[in-house]
Amino acid sequence: MRVAVLGLGAVGKGLLRTLAAKPELDLVLTAAADSSSACIDPDGLDPTAVLDAKCATGRCGASGLSATDVLASGAYDVLVELTPTNALTGEPALTHIRSAIERGKHVVTSNKGPIAVDHAGLTALADEAGVALRYEATVGGAIPVIHAIRDGLAGNRFSSITGVLNGTCNYILTRMDDEGLTYEQALAEARELGYAEADPTYDVRGIDAAIKLVILANTCWSLGVTLDDVSITGIDGLTVDALRLAADQDCTIRLIGEVAPAENLLRVAPRVLPRNHPLVIEGTLNAVMLSTDMAGEVTLMGKGAGSVETASAIIGDLIAIRDRYVECG
Amino acid sequence: MKLEMKDSPGQLVAALTPISEYGGNIIAVIHQREPESPSDTLGVQIVLEIAQERLDALVGAIKLQGVSILRLGEERLLYRQSVIMIGHLIHTDIGDTIGRIDATGFAEVAELNVHMPAIAEPSTALITIKATTRSEMGRALDVLRTVAAEKGLLIVEPLAGAEA
């Protein structure tokens, strides 16, 4: 199966390294583009050579080529869209994804923007074109939560989804709890370790978690909700005393995303949980608890970020598409 | 409440039916034959929650079924829930914050533990509310959320179903 990759940041590089390391997956890279160049070869590119060029020059290919040329080349079965997230417009990924679907190509993305902005429109477009649109990597990193909702727990009725959806916040709260650090100290430490962005606003104000909650809500119930519908409280106002008071009751505080359509609940906020609750996880981990009618409560936990971890989710989507749609050569 | 009923088929159902009809929620039914009770009657203890204003009507309905109520133990304010509040709690009149919960009549602040790290820095408090029923606890928390929004306070609530 031929794969075109748009975006060569940490996740794109992790994917190319995995493709190079696992030739047995039979996923052939035929095109790649970054923000200033592209390379296309319908017979297959060497992922290692593309990575080397990217590292040496900052460009993966010829500067006269771009993502648009990759899309128009048609030299791929699946487009993997990994450009940076724009939560407000979903661009440029939204245009890339629509363009690929309209050409009859399958799409896999780790980009939260387009899925959060127009889940219903993109899903309808893909259905009409008879192609797959998969986005496991948008929520919970390596955790196969979308697979669990769509496949593993198919036929269940879901009553709620709650989860720890942001590793940066979970790290900060874990450190405040374990070491009695102030919010500012824990944030500074997270930055030093590379767990927090230079501008951590999206993470600590709960916006990143809210975007993921929107994706889960629309995937599970087709609610058609957007970021504006989520009641959001971040962790930036929390005090050490709050964690101490929770600890006195054998509890702690975590940033929890919660959606329960019957109760009209769509909320991201710091919450008090008993220490032995399945969602009380340490460090940068993520966890999602699905409440269903048949399976009861199912909790998935794992690494919520990282280049190879995210590549794992992307590869899972690619193989699901290959098995369902594409005949193996 | 403790009931006494005839030891014959259908009696327990007759006693329990009115509870759901009046919107009560049965928490436990303890059914035991006491040695001192006459052999043709049965003592049953029922633990239930029901809105205060509907209790008298329920008692009447149970009596109409021919069941006698031996004892009616009432414990008001059955539910407790603790919430953490952060912000300028004292300077936004903590007396008023507490008063607004107490004024509901169905819930009250039972405990307040305030930490004040330094002047001008936000304080943190654990506030424990008691309420008669689960739904009234929900209404009390709504009041608290409204007050917090007015006063710019941050509230950290327990995750539903995961209360300590």
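Helices and strands here are DSSP runs, numbered from the N terminus, where a helix has at least four residues and a strand at least two. The views below all come from a predicted model.

**View 1. The helices and strands of chain B.** Let's begin with the elements of the chain. Chain B has four helices and eight strands. Starting at the N terminus, their order in chain B is β-α-β-β-α-β-β-α-β-β-α-β.

**View 2. The two domains of chain B.** Domain 1 of chain B covers residues 2-71, and domain 2 covers residues 79-156. Between the C-alpha centres of these two domains of chain B, the separation is 37 Å.

View 3. Of the 164 residues in chain B, 43% are buried. The accessible surface of chain B is about 8,800 Å², and carbon and sulfur atoms account for 52% of that surface. If we take the contacts in chain B between residues at least 6 apart in sequence, 67% of them join residues at least 24 apart.

**View 4. An aromatic pair in chain A.** Over all chains, the structure holds one aromatic pair. Y171(A) sits in helix α7 (residues 167-179) of chain A, while Y195(A) belongs to the loop between α8 (183-192) and α9 (201-204), so the pair links parts of the chain 24 residues apart. Y171(A) is buried, at a relative accessible area of 10%, whereas Y195(A) is partly exposed, at 38%.

**View 5. A lysine over a ring in chain A.** Look for K105(A), which lies over the face of Y76(A). The distance from K105(A) to the ring centre of Y76(A) is 5.2 Å.

Technical notes. Residues are numbered from 1 along each chain as its sequence is written. Chains are lettered from A and ligands numbered from 1 in the order in which they are written. This is a predicted model: local features need pLDDT of at least 70, side-chain atom pairs count only at pLDDT 80 or more; totals for chains, interfaces and linings use all residues. Side-chain values use heavy atoms; hydrogens and water are left out. Buried means under 20% relative accessible area, exposed over 50%, partly exposed in between (1.4 Å probe, protein chains only). Contact means heavy atoms within 4.5 Å. Accessible areas come from the Shrake-Rupley method with a 1.4 Å probe; for residues, only the protein chains shown count as cover. Domain bounds come from an automatic or database domain assignment. Rings of Phe, Tyr and Trp (its six-membered ring) pair if their centres lie within 6.5 Å; planes under 30 degrees apart count as stacked, over 60 as edge-to-face and the rest as tilted. A charge sits over a ring if NZ of Lys or CZ of Arg is within 6 Å of the ring centre and within 35 degrees of the ring normal.
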